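Take a moment to look over the sequence and the model below. Then read on with the structure in view.

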Amino acid sequence: MNTADAWSDFWKQGFPTSFASDLPESYQGEIGSFWIEAASKLNKKAKILDLATGNGALALLFARFSQKKHMDFEIHAIDSAAISPAENNKTPSLTPLYSSINFHSNSSIEDFGFDTPGSIDLISSQFGIEYSDFTRSISNAASQLKPDGEFRAICHYTESETFENCIEDQSAYNLAIDTLQIHDLISNFLKSIGSIDSLSALEKEILIVSNQEKLNALMSSINVLREKYPNSAVTAYFVNNVNSFFSSRLVSTAQEKANFSSSLDTGARMGRVRINDQINATLSPELVQRYERAISDSGLTLSNSSKFLDGEKIIGWCFCANKPT
Ligand SMILES: C[S@@+](CC[C@H](N)C(=O)[O-])C[C@H]1O[C@@H](n2cnc3c(N)ncnc32)[C@H](O)[C@@H]1O
């Protein structure tokens with residue numbers, strides 16, 4: 001399973017951003033204001049390119065601004081994963097906005113280009129460009145910008161709370177998948193009880209001692225995960241899915257049970273790939289300095305390189321740079 005597949009799977013589920021739980025208001029709070037401020041400096045019909053757009057949260061914000069202020073922006077948004085934000089969107093009222101954006105699926109930041117290089121007014125990246133090969137990507141971005149065009153990025157940063165949460169989620173995934181092997185425990189129990197067509201048949205199966213032992217082993221493993229990582233999204237993932245299936249779907253065929261256990265396992269493994277990807281993408285203070293050098297080497301003039309804060313909370317690291325005229 002590669003990282004692009006893991007992201008494609010995530011975006012298919014329709015999440016608006018990759019931080020639905022940590023930063024639910026992300027693009028309305030400080031982050032939103034930062035990007036609106038960038039958009040408000042642009043002229044009518046300006047061309048915007050959003051890098052590593054996911055389900056297009058930032059592109060959507062620009063599209064909404066453009067519509068409200070009659071700016072007629074031309075918005076492009078790229079991602080190396082297979083994305084289809086308009087199709088996966090769960091809010092029908094957003095459909096016209098989504099259809100005003102040009103999404104480019106399976107497109108990498110390092111190589112993406114327009115027929116006319118040097119035509120973009122604003123290149124944006126919200127937790128995006130740091131996932132790519134930065135030196136190649138910033139040099140490509142610089143060549144796509146118009147003279148006086150602006151590049152802005154907010155990147156993952158090791159001193160943020162989000163990074164701490166990621167490290168905890170990574171440990172929780174490792175415990176659940178490798179040490180506790182929760183998937184095997186679920187699968188063993190469900191295989192043992194097999195196809196069940198009534199509640200009375202289920203009761204009989206549950207009374208069998210070997211089934212009770214399997215169920216107890218599963219429950220005590222889930223409790224270990226709960227005690228060790230009570231606030232992790234990984235714990236919530238296992239607890240919520242198991243509770244929901246076990247409380248209402250045990251009267252089902254063996255195949256349905258196998259499908260549940262296999263999709264729970266795939267979901268957990270994909271989640272771990274994404275968390276590892278995010279941890280690898282996170283900038284340390286040393287990497288920030290390397291990025292600053294790469295920005296200068298690409299020919300852009302760095303105007304800001306600082307922590308990005310929401311109140312007291314560190315959200316990430318922010319870079320702003322312009323192409324000289
Ligand atoms: C944290 S998510 C994106 C978040 C998105 N910008 C948002 O604000 O919701 C990181 C994204 O980077 C994409 N990505 C990783 N490497 C890439 C590359 N080389 N070129 C383009 N996209 C890339 C992944 O597919 C993933 O969708």
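Start with the whole. This is a predicted model. The protein chain has 13 helices and seven strands. Its C-alpha atoms fill a box of roughly 80 × 40 × 35 Å, taken along the principal axes. How many of the 325 residues count as buried? The share is 38%.

Next, take helix 10, residues 209-228. Check its length first. It has 20 residues, so at 1.5 Å a residue it should span 28 Å. The end C-alpha atoms are 29 Å apart, which agrees. Which residues of helix 10 are buried? They are K214, L218, S221, I222 and L225. Seen down the axis of helix 10, these buried residues fall within an arc of 95°, so they line one face of the helix. An α-helix has 3.6 residues a turn, so residues three or four places apart point the same way. The face turned away from the buried side carries the exposed residues V209, N216, S220, N223 and E227. What covers the buried residues of helix 10? The cover includes helix 7 (161-179), helix 8 (182-193) and helix 11 (233-248).

Helix 11 can be read in the same steps. Its 16 residues should span 22 Å at 1.5 Å a residue. The end C-alpha atoms of helix 11 are 22 Å apart, which agrees. In helix 11, V234, T235 and F238 are buried. They cover an arc of only 105° around the axis, which puts them on the same side of helix 11. The face turned away from that buried side carries exposed residues: N240, N243, S244, S247 and S248. Helix 7, helix 8, helix 10 and helix 12 are among the elements that cover the buried residues of helix 11.

Now look at helix 8 itself. It has 12 residues and reaches 17 Å from its first C-alpha to its last. That is close to the 16 Å expected at 1.5 Å a residue. The buried residues of helix 8 are I182, L185, I186, S187, F189, L190 and I193. Their cover includes helix 7, helix 9 (199-207), helix 10, helix 11 and helix 12 (254-281). Helix 8 is followed by G194, whose phi is positive, near 60°.

Now for pairs of helices. Two packed helices are described by the angle between their axes and the distance between the axes. Find helix 2 (residues 30-40) and helix 3 (residues 57-69). Their axes come within 10 Å and cross at roughly 50°. Helix 2 and helix 3 are therefore oblique to each other. The crossing is right-handed. On helix 2, the contact is made by G32, W35, I36 and A39. On helix 3, L58, L61, F62 and F65 make it.

A second pair is helix 6 (residues 134-144) and helix 13 (residues 285-297). They pack at an angle of about 35°, with their axes 9 Å apart. The crossing of helix 6 and helix 13 is right-handed. F134, T135 and I138 of helix 6 make the contact with Y291, A294 and I295 of helix 13.

Finish with residues in loops. K45 lies between helix 2 and strand 1 (47-51). Its phi is near 65°, a positive value in a residue other than glycine. A52 lies in the loop between strand 1 and helix 3. Phi of A52 is also positive, near 50°, and A52 is not a glycine. Is each of them buried or exposed? K45 has 11 C-beta neighbours inside 10 Å, so K45 counts as exposed. A52 has 28 inside 10 Å, so A52 counts as buried.

The last stop is S108, in the loop between strand 3 (101-104) and strand 4 (120-126). S108 is partly exposed, with 18 other C-beta atoms within 10 Å. Leaving aside neighbours within four places in sequence, S108 is in contact with S80 and S132. N241 is 133 residues from S108 along the chain, and the C-alpha atoms of the two are separated by 34 Å.

Notes. Residues numbered from 1 in each chain as written. Predicted model: local features only at pLDDT ≥ 70, side-chain atom pairs only at ≥ 80, totals over all residues. Helix = DSSP H or I, 4+ residues; strand = E, 2+ residues; numbered from the N terminus. Expected span 1.5 Å × (residues − 1). Buried ≥ 20, exposed ≤ 12 C-beta atoms within 10 Å, placed from the backbone. Arc of directions from axis to C-beta. Contact = placed C-beta atoms within 7 Å. Axes fitted to C-alpha atoms, helices over the stretch in contact; angles between N-to-C directions. Parallel < 35°, antiparallel > 145°, perpendicular 65-115°, else oblique. Left-handed = near helix turned anticlockwise from the far one by under 90°.
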